[in-house]
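Hello,

Here is the structure I promised to pass on. Please open it first, then read my notes below.

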Amino acid sequence: MTPRTLGEMAAAMKGALTGDPSALPAGHSIDSRTLKPGDLFYAIKGPRHDAHRFVPDAIARGAGGAVVADAAAVPAGPGGRPAVPVIVVADTLRALQDLAAAVRRSLPVKVVGITGSSGKTTTKEMTRRALETSFVVHASKGNLNNLFGCPLSLLELEPRHQVSVLEMGMSYPGELARLAEIADPDIGVLTNVSGAHMAHFASLEEVADAKGELFAGMRASSTGVFNNDDERCRRIMGRFGGYAVTFGIERPSDLTGSDYRMEGLDGASFEVRAAHAAGSRRLRVRTRFVGLHHAYNALAALGAGFMLGIDLEAMASRLEDLDPLGMRGRVLKLGQGVRVLDDCYNSNPAAMRSAARVLAQAEPRSGGRRVAVFGDMLELGAGEREAHAAIARELAEGGAGLVVAVGTLAPEALGEAGSTPSRGFASAEEAAGFMAGEARPGDVVLVKGSRGVGLEKVVAALVERFGEE
C-alpha cells in the first residue's frame, strides 16, 4: 500500500503522529520559501543549518503538517495543541528517505538510476524522452539528485507512472549506497568516471569506488548500462552482480557509435550498431546536441530503453526533437551572427575538454573568432592547478582567438595559453562587463565554469547586447 495519509506516512517513518491520521498532505517540502499550501514540511538538520527554526514560517505559509525531531519547534495553536499535525522522528532526513523508499516499493514502477561524473542531467533527459515512446514516465526535475532531492523526486510518483528516471549524484563516499537502498533501481546507468568532486577523494580510484556503490547495492536481477570506453566504468562493471549492457564508440559494445558528424552548432548525427543474440542492426541517430560527449549520453539513454524492450528507431525519432537544456550545452543564436554555447551550469576537466573540442570545431562567421569564457572548476582537490593549466593549453591549441578566465584558478592558468590573447577577471560581473564590449559580430563564444562562478551573467550580457535572433 502506498503511504498517502499522515498516519500511513508516520508508520513508514517510524514516527509519532499528533493530529488527524487521515489527513492527506498536498506535497512535500524541505524549504519554507518554496513550500506550497498543504505541503508536509520536513525540518532537515544539516551541517550548517537547522530548518527547525523555519517551522513557524512554514506554518505561516500554509504547511499541512511538519516532520520534526524536536516537537518544541512547532508553535502551539488553540487549546495548546500543535498548530498543525506533527510527526516526531529521530532523524528528519532519514524519515524523508524512509518514506520515499516505502513509496517506491509500493508501486509496480521500474526505476532507472543514472550516475556518473558528468552528463547525468542530459542523459536523464534523453532517457526520459526515449522511454516516453512506450511508457508513462516520471523523471526527477532539474538536478534533484542527492540524499535530499532524490527522495523528494520519488515522493512525486503516482500509480499511473510505469517508469521513473532518477539522476543520482554524490560528493562523498556512502551517498550512492544510501540512494541505492532508497530507490532500489531496476536499471543503473554509469555515464563515466572522471575527476569531478576530487576535493573529497584522494584519487580517481576512490571516486570510482564511490560510483560503484550504486551497482553494488542493486539486486542480482537488475541491469547495469556501462560506458565501455571508460576503464573505470569497465572495472565497476566487472564487479557488478546483475546483467551488464555496454555502450561505446572506441570499443565494440552492445551499442556502438560511429561516424560522428557535427552539423555546425545546430546538432550532430552518428551511426549506432546494436548487437544482440539475434544478430545486429544499424541506425542513424540525429540530435540537437553538439559534441561527442552528447553522443555518449544518447547511447546511454538508448541502452536503458533497449533493455526495457523499446524499439531503437522509435527512440531515435524521439531524441531528434529534444532541445538541449538551458546552461547545459544550449546554443543561443544572437544578432549579428554571434553564437553562444551556453554550458555554464557546471564544469569539470572532462566536461571542459569536451566543450573545448566543440569550440575548436565550430566555424565563426566572417570576421568572428572562437572565444572561450573559462571559469574555475571547483572541488578538484590537489590537482586543481594542473587541471586548469591543461584546459588553458587545450583552448589555445584549439584555435581560440580569445580566452577569458574567471575566478581564481582559471586566471592563474592563463600563462599556459601562450600567445593567445587572454584576460583574467576575479568575478563573473567583471567578465560580463568586459564581454559586453569586447564581443564582435560573428563570434562563437563558449561559456563554461562551475556553478559557483555564476557565468550565466556573461551569457545575459551577450544576449542584452546582441539580442536573440
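**An aromatic pair to start with**

F425 and F434 are both buried, where buried means under 20% relative accessible area, exposed over 50% and partly exposed in between (1.4 Å probe, protein chains only).

Now the ground rules. This is a predicted model, in which local features need pLDDT of at least 70, side-chain atom pairs count only at pLDDT 80 or more, and totals for chains, interfaces and linings use all residues. Residues are numbered from 1 along each chain as its sequence is written, and side-chain values use heavy atoms, with hydrogens and water left out.

**Aromatic rings**

Rings of Phe, Tyr and Trp (its six-membered ring) pair if their centres lie within 6.5 Å; planes under 30 degrees apart count as stacked, over 60 as edge-to-face and the rest as tilted. The count is four aromatic pairs. The ring centres of F215 and F240 are 5.8 Å apart and the planes meet at 85 degrees, so this pair is edge-to-face. F215 sits in helix α7, and F240 in the loop between α8 and β11, 25 residues apart. Helices (H or I, at least four residues) and strands (E, at least two) are DSSP runs, numbered from the N terminus. Both F215 and F240 are buried. The pair F425 and F434 is tilted, at 5.1 Å centre to centre and 40 degrees between the planes. F215, F226 and F240 form one aromatic cluster.

**Cores**

A nonpolar core is a set of buried Ala, Val, Leu, Ile, Met, Phe, Trp, Tyr and Cys residues joined through side-chain atoms within 4.5 Å. The largest one has 50 residues. Among those with the most contacts inside it are M13, Y42 and F215. Helix α3 gives this core its largest share, seven residues. Another core lies apart from it, with 34 residues, including L255 and F270.

**The sheet**

Which strand order does the open sheet have? Its nine strands run β7-β8-β6-β9-β10-β11-β12-β13-β14, with mixed pairing. Two strands pair if DSSP finds at least two bridges between them. β7 (137-139) and β14 (279-287) are the edge strands, each with a single partner, so one side of each has no neighbour in the sheet. Five bridges join β10 (residues 223-227) to β11 (residues 243-248), and these two run parallel. F226 stands opposite T246 in β11. Helix α8 packs on the sheet and touches β9 (187-190), β10 and β11; contact means heavy atoms within 4.5 Å.

Best wishes

Methods. Axes are lines fitted to C-alpha atoms, for helices over the stretch in contact, and angles run from 0 to 180 degrees between N-to-C directions.
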